[in-house]
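Visitor: Could you walk me through this structure and explain the words you use for it?
Guide: Gladly! Let's have a look together.
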Amino acid sequence: MLIHFAAVLYLVGVVSSQTNCFRHEHSTTNITGLSPCTSYIINVTSVGSSGESSQAVGTTATSAPDKVSQLKVTSTSVSTISIQWRPPSNADCLVAYQVCCSLADGTQSNCTTQTRHEHAATNITGLSPCTNFIVNVTTIGSSGNSSEAVDIAVSSVPEKVAGLETTGTSVSTITIQWHTPSNTECLQGYLVCWSLVDGDDNGCATQTRHEHATRNFTGLTQCGRYSISVTVVSSSNDYSEATNTTAFSNPPLRRVSNVRALETSSTSFLVEWDLLTEDAECLVDYAVCWGTGIFRNNCSSHPLDLAPAINFTGLKNCATYSFTLTARDESGESAANTISAILPLTPDNVSSLTTQSVGPSVIATWTPPSYRPECVVQYEICWESSPGNQNCTVQESSVTTFDITELTPCSEYVVGVRALGQPDNSSRVNTTANTAPKSARNLTFSFANATSIVAEWEAPSDQSDCINYYQACLVVAGKTVCVNQTRDITTAYISDLRSCTSYAVGITVWTDGARSSVLSEQVDTTAADGVNARQGSLEVRSAADEANGTPHIQEFIDKTDSKRTILQSLVLEMCATNCYSENLYLLPVFLTPSPSNVQVPDVPNHLHVNYAETDLLNVQWRVPTVNYECVQGYIVCWRSSGDQTEGCLNTTNLEQVITGLTPCMNYSINITAVGTIGASQTAHMSARTRSQAFNDISILEVKSSDSTTLEVEWKAPTKNSECVQEYKVCWIGQETGEEGCMIQTRAITKATITGLISCVNYTVNVTAGGALKNSSIVSMPVMTNSTLIQDKPAIQNLSLSRDSESNITVTWQPLVEGMMCVRSYNVCWEQQSHPEDSQCLELPSSEDHLTISGLHSGTTYTVEVSAVLVTGKTSEIIREDIPISAPTCLSPPPHLLPKQAWGPVWPHRTPKRRPCKRFIEYPDFTHGNHYLAIYLSDTYNIEKSVNISTS
């Protein structure tokens, strides 16, 4: 059966009364006029030529949601477009929105989808500036079908300008410049607006893209603060975001000059300076800051109507004060001018000068002056043994002792000390000191038993007359025992000693309160039992007391030396009464050590730190493994790794608290077991006291600098500086952003920073670092010197070119491209014949040429160019001469020329080379001559020439 057309039947919902049918010849059709978001049943029945129809084939479909309305652009930027719309009124089947953006020609389309629950708005980002776009929004139904798209045309705004800055100002003008946008295809021009912040002076002006990216505002309110904006205007008249800046219509601030400090009393200064007379129309006041060292924390404002002077009173004697002057206006303050001054006073004399002689050295000690001790800069110490043989040295004011070495033994010296101050020094305080003799020689021990020893030595060579006496000393039971002998006796007998003990015997030579260096040797007493007798050298000289039968010993004589007298009687221990016969005599026997009885203890075990504090260490150990029964005590010694201070203690305990130590310090600790006849080897360990917080460094200052180097120095923290492990020195260039750091050890409190850029302001930070904490950063702003620039001209390749008979152009180049030292250029010119008529003009550092007009011909001009540095100083001046030649004058007029034919002045030459003046030449009707009428302008160029007819 051939089907000629189709009948379409659709049913809305379940209401049969809403059924509609129509015939259609094609196999596809569009059903229109439906309600949005509505479900429909669609039946298709084929109808034959006879009118008979087939069974209906049905399907279900939902109509799409309605389209959005009121689509609009809410904002645009360089790369973003924001839009919003109103959702359809019937949103039952609305699922999402599809937002598409393409170029105006339909290409480069990008689409995004957002749900119906999101706001009816979106931001389209990542766009190109100055570009036309088509944006459309389509609703998407629950069945996936979509509504008709709603379109809108929009353009992204142009890119805003960058680098807007003020390049020059004066009393009523401001000059700005900026960088053009990177995308200039749609750039049409700029809208430049200005407005006085505290007034009604405002306006706007446009300029095309072909003009320079700069603007000069003139006729402004003097000394006013202006808000300035620059906006890019595109070819479609879209405006970019405005770029804003603030500028002041005032001249650049000049540096205060001739700052000086005059001492008016012992505690006051009068600080004066020169008032600014140039470019001072907008000046507000002067700022004066002062303080000691680099810290100038006290500041005050000095009004313009007062005299340029301030009297500072109540200052400290001998302290260095710094005074800084700056000029200020509404835009800020000028470069600072800083001077330093000190109130000089003379310190009083030192007091309590004493001397102590040890060996060939004399230690002088004194007390600082009681009056004006802060004025002491150094101490001078002088000594002499005879007139004309004086030696002197100086040392810091913080040290009040001095060791004078390499002196002649047994000599008398005059020692003097005086305080050095500013401007004068104190008087010298003198005292006398006797140097000690040389030390004794060749100390030996001719006798030693369990309880006594005999020491022998030799006198110093060639100094017997200088010696008063000898002193032999050793430590017995924790006490120092000494025996004095006259200068004729060089031996000493010392008894009541401990057996099996090692003693250090020291011999000192004394004279008039001075002592020599100690000559020391070790000696061991013997064991109390198991001894061998020393025979034949000693005999007993005694008698029995027949009355009571008790033997006793009065004196011993050593037969080897009849001059030696034993100084103390030996006390004999006798047995009980039943142990000896009535007539028994006990002979004394001098004992020597028996090798079989020598017992030396082993090394102490398990040496460790029990606990540590900031100023003490508690160390413990165990007894030796071998021969521990021979231990009679322990020697505990320690030495610091820093200042090498050391000490020793004797103890019988197995622990020791070592006090008086320094925080944050490494210590080397040794423990030795002392036996009856000797000491063990040493047990060794390292320990460290606890860390303690320290404060900040102080007095950070610049010691020296040049164009590329800074040498800074500081004082270590005043509290617990020994806990500092290192110093971190960092710097950053304020104009360049250049930065760097370096580490110094705790022993070095200075740093040399190299590779810097001339005339850049640097901030130097120093931090003390430790195991417990770091100190706060101490900062110091500093500018590198411009000696590289000041010693040389800051410009090069100065050239002069003549543009016309009265104009010249001066051109120069900076010595170093991008030189940051130059603030501006000074260009001056003068006639060599009239130097008093010199004229000058200051130009920004960005300029490299100047055209000078209105010059007079027939003379030679001298042009000078120099650079004004950011430090306020001026570089070396570069000069060039250029002659301005006079025009060639005409010859005198003929004698027969009528007077009325002469011009105001007929051109002629004069000895003074005065230039030709404007003239008019007339014809001579009498002789029928024709003359040329010439008009010369003031610049001496021929402006017009014509032939004058006799008719």
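Guide: First, a term for later: a patch is made of residues with over 30% relative accessible area and no salt bridge, and nonpolar side chains are joined within 5 Å. Keep in mind that this is a predicted model.

Visitor: What makes a nonpolar surface patch here, and about what area has it?
Guide: Val 623, Tyr 628 and Leu 654 make a patch of about 270 Å².

Visitor: Why is Val 623 called partly exposed?
Guide: Its relative accessibility is 36%. You can find Val 623 in the loop between β47 (617–622) and β48 (633–640).

Visitor: And how do you know that Ser 866 is buried?
Guide: Buried means under 20% relative accessible area. Ser 866 has 6%, so it is buried. Ser 866 is part of strand β65. Leaving aside neighbours within four places in sequence, its contacts include Ile 795, Tyr 825 and Ile 877.

Visitor: Which residues touch the most other members of the largest nonpolar core?
Guide: Trp 812, Val 827, Trp 829 and Val 865 do, in a core of 23 residues. Among the elements that give two or more residues to this core are β60 (795–802), β61 (808–814) and β65 (859–869). The most come from β65, with 5 residues.

Visitor: What is Trp 812 in contact with, leaving aside neighbours within four places in sequence?
Guide: Its partners include Leu 798, Val 827, Leu 850 and Val 865. Contact here means heavy atoms within 4.5 Å.

Notes: Residues are numbered from 1 along each chain as its sequence is written. This is a predicted model: local features need pLDDT of at least 70, side-chain atom pairs count only at pLDDT 80 or more; totals for chains, interfaces and linings use all residues. Side-chain values use heavy atoms; hydrogens and water are left out. A nonpolar core is a set of buried Ala, Val, Leu, Ile, Met, Phe, Trp, Tyr and Cys residues joined through side-chain atoms within 4.5 Å. Buried means under 20% relative accessible area, exposed over 50%, partly exposed in between (1.4 Å probe, protein chains only). Helices (H or I, at least four residues) and strands (E, at least two) are DSSP runs, numbered from the N terminus. Patches are made of residues with over 30% relative accessible area and no salt bridge: like charges are joined within 9 Å, nonpolar side chains (Val, Leu, Ile, Met, Phe, Trp, Tyr) within 5 Å. Accessible areas come from the Shrake-Rupley method with a 1.4 Å probe; for residues, only the protein chains shown count as cover. A salt bridge is a side-chain nitrogen of Lys or Arg within 4 Å of a carboxyl oxygen of Asp or Glu.
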